[in-house]
Amino acid sequence: MLIAGNWKMFRGPDPVALAGLDAVVCPPFTRLRECVEAGLTTYAQNVHWEAEGAYTGEISAPLLLELGVVGSLVGHSERRQYFGETDETVAKRARAALDAGLRVIACVGETQEQREAGETEDVLRRQLSMLEPHSELVLAYEPVWAIGTGHTATPEMAQDAHAFIKSLLDAPVLYGGSVKPDNAGALLAQPAVDGALVGGASLEVDSFKAICETAARIPS
Ligand code: PEP
């Protein structure tokens, strides 16, 4: 069971308060070093496909590895929605990061409109079609309509989507979208749910720890 906290563009909690927690943290770039120094399993929120070059505002896998960062998110829906990320660029980022020795959590998920139009499986199929299996690749199913909205997928919806994703690509699948201490247990108990990617609730030490404790109680 893997629990990852995505701090987005928030400063986030004191990394020292999370020391010893069995979880991944994805802080903003400015706090990566602090998290590494606190002994946390630290991932970036994005990574470029080139090792170096004239790519202002980007960060490469070798630069992250040099800092002690061990993985990265790729393809978060906010990257796709606001920064022009496509299935192709997400796949390029994932491949380069994995080749360089980083672990990767690649995010997929449908919008509300796509779900209502019955397109969820087509969207997931398209998003996954560019990704190749890898021992260090984890997927995160994050329905866009559930991110930061308080509208969580039901455990059954998560289970169905995860089972579908696993039928296409053999990898652990985290659920993401308004995971909180009070709904984590039911979501994580689903057989195809291998953990959670937590946004808002990872910004508070108590709620993030509570989710991690719930996860630790679920038999693997
Ligand atoms: C996320 O940022 O990946 C996320 C799932 O956010 P939240 O938990 O706030 O919905």
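This is a predicted model: local features need pLDDT of at least 70, side-chain atom pairs count only at pLDDT 80 or more; totals for chains, interfaces and linings use all residues.
A disulfide is taken here as a pair of cysteine sulfur atoms within 2.5 Å. By that criterion, a search of the whole structure finds 0 disulfides. C26 is in no disulfide, and the nearest cysteine sulfur, that of C107, is 8.6 Å away. C107 likewise is in no disulfide. C26, at 0% relative accessibility, counts as buried, where buried means under 20% relative accessible area with a 1.4 Å probe, protein chains only. C107 is buried too, with a relative accessible area of 2%.

Residues are numbered from 1 along each chain as its sequence is written, and side-chain values use heavy atoms, with hydrogens and water left out.

Turning to the fold, the chain has 9 helices and 8 strands; these are DSSP runs, H or I of at least four residues for helices and E of at least two for strands. The radius of gyration, taken over C-alpha atoms, is 16 Å, close to the 17 Å that the globule rule gives for 220 residues, so the chain is as compact as a globular protein of that length. That rule is 2.2 Å times the number of residues to the power 0.38. Along the principal axes, the C-alpha atoms fill a box of roughly 40 × 35 × 30 Å.

Buried residues make up 50% of the 220 residues. Of the contacts (heavy atoms within 4.5 Å) with a separation of 6 or more, 64% join residues 24 or more positions apart.
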